[in-house]
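Good morning, everyone, and thank you for making the time.

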Amino acid sequence: MGANMSADRARPLTALGGLKQRFAPSHEWTEEEREQILEGLYPTGNDAAAFTWRFVTLIILSTLIASFGLLANSAAVVIGAMLVAPLMTPILGVAVAIVLGAPRKILTSVTFVATGMILAISSAYATSWLASGTITGDELTSELLARTEPSLLDLGVAVAAGLAAGYVLFHRRASSSLPGAAIAVALVPPLATVGIGLHLGAREEANGAMLLFVTNLFAIILAAIGMTLASRFQGAQLRLALRRGGTGIFITGVMLVIVAAPLTYHTLEVIEDRDFTREVTSVVREWDPNGTIVSISADVLTNGSGVVDLVMATSGSPVPAWQLAQAVKARTGRS
């Protein structure tokens, strides 16, 4: 009977309690363990100077690698840059400092993040300038374009990567998984895209890349805050921890909601364009059954009309394009 009662006490009463048991460390944090993690996030004294130089060196080198990879359209090189990038540490530092209610630590980590952003954009701009003539603002590589139109899927990736990074921070045996989280969230390539876009005059693409970085930034911070609380690293009751870091958590959440608005709008646009492309493709095959579609791009404009760029190869006589325009309008209702 007593054993059963003990088992009932050990069993979590709620789903949240079960998650807390699953993700939280199986022991209470000692002061030595806390100090080890805090020293890694907020070095002091001689360690601070060494950390700063290491951070600056790695952010510049990782941006150079990312920039060359983006300009050369090499996914492998861009992935290598993600492994070198040091931005994840100060971002996690912001999250932990918010939970601890430590304004100085927040300021230190935010300073590192802001410095990293400036260095990354500047380094990418300089790299693009040195490689002038490689590409133009009208002909960006697919690797660059992939980082200029963020969607809600990118937000989901960033949240998952933030949870993974937070989990690794408090479970040192899983530290080998941190590079995977860094690759998944891709912090430096969007900043490199901003610098390259600014140099090439591709302002719209640069804005899209900056939106992707800001999305990643706030999603990681909010997810890491959740993992910090779940790990009981703050050493206080949950209510006290939430009261202590409530302002920072609220601001982070609000910023994430603000960022999510354009992401939602763009996601809906992508879905609409994809549906339009599918319908146009069907019409094209009926319009010229003997032809082969080489490439097709169909976009819905803000006024509800559509633009179709189509390249076809056909063995027979070309069918007039105005007939296709009429067929598309009859099928989709879009002129």
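Let me start with the overall picture, in which buried residues account for 39% of the 335 residues in the protein. Please keep in mind throughout that what you see is a predicted model. The protein has 14 helices and two strands, and its accessible surface comes to about 18,200 Å², with 61% of that belonging to carbon and sulfur atoms. If we take the contacts between residues at least 6 apart in sequence, 75% of them join residues that are at least 24 apart.

Glycine 40 sits in helix H3, which covers residues 31-41, and leucine 169 belongs to helix H9. These two, glycine 40 and leucine 169, are 129 residues apart in sequence, and yet their C-alpha atoms are 9.8 Å apart in space. Is leucine 169 buried or exposed? Leucine 169 counts as buried, because its relative accessibility is 11%, below the 20% under which a residue is called buried. Glycine 40, on the other hand, is partly exposed, with a relative accessible area of 38%.

Which residues do they touch, once neighbours up to four places away in sequence are set aside? For glycine 40 the partners are Phe51 and Thr89, while leucine 169 is in contact with Ile37, Leu41, Leu92 and Val96.

Now to the charged side chains. As a general point, side chains of opposite charge can pair when their charged atoms come close. The structure holds four salt bridges, and I will describe some of them.

Glutamate 143 pairs with arginine 147, the closest N and O atoms being 3.1 Å apart. Both ends of this pair are buried, since glutamate 143 has a relative accessibility of 15% and arginine 147 has one of 12%.

Another salt bridge joins the side chains of glutamate 272 and arginine 334, at 3.1 Å from N to O. Here glutamate 272 lies in helix H13 and arginine 334 in the segment after helix H14 (321-332), so this pair ties together parts that are 62 residues apart in sequence. Glutamate 272 itself counts as partly exposed, at 35% relative accessibility.

Arginine 278 and aspartate 275 also form a salt bridge, with 3.0 Å between the closest N and O atoms. Because these two residues are three apart in helix H13, about one helical turn separates them. Arginine 278 counts as exposed at 51% relative accessibility, whereas aspartate 275, at 35%, counts as partly exposed.

Together with Ile251, Val254, Met255 and Ile258, Phe250 forms a nonpolar patch on the surface, whose accessible area comes to about 460 Å².

There is a charged patch to point out as well, a negative one formed by Glu149, Glu204, Asp299 and Asp309. Where is glutamate 149 placed? Glutamate 149 is in the loop between helix H8 (142-145) and helix H9 (152-170), and it counts as exposed at 52% relative accessibility.

I will finish with a detail of the backbone. Most residues other than glycine have a negative phi. Asparagine 73, although not a glycine, has a positive phi of about 60°. Asparagine 73 is found in the loop between helix H4 (46-72) and helix H5 (75-84), where it is partly exposed, with a relative accessible area of 36%.

Terms used: Residues numbered from 1 in each chain as written. Predicted model: local features only at pLDDT ≥ 70, side-chain atom pairs only at ≥ 80, totals over all residues. Heavy atoms only, no water. Patch = residues over 30% accessible without salt bridge, like charges linked within 9 Å, V, L, I, M, F, W, Y side chains within 5 Å. Areas by Shrake-Rupley, 256 points an atom, 1.4 Å probe, with all protein chains shown as cover. Lys, Arg positive; Asp, Glu negative; His and termini not counted. Charge placed at Lys NZ, Arg CZ, Asp CG, Glu CD. Helix = DSSP H or I, 4+ residues; strand = E, 2+ residues; numbered from the N terminus. Buried < 20%, exposed > 50% of the residue type's maximum accessible area, 1.4 Å probe, protein only. Contact = heavy atoms within 4.5 Å.
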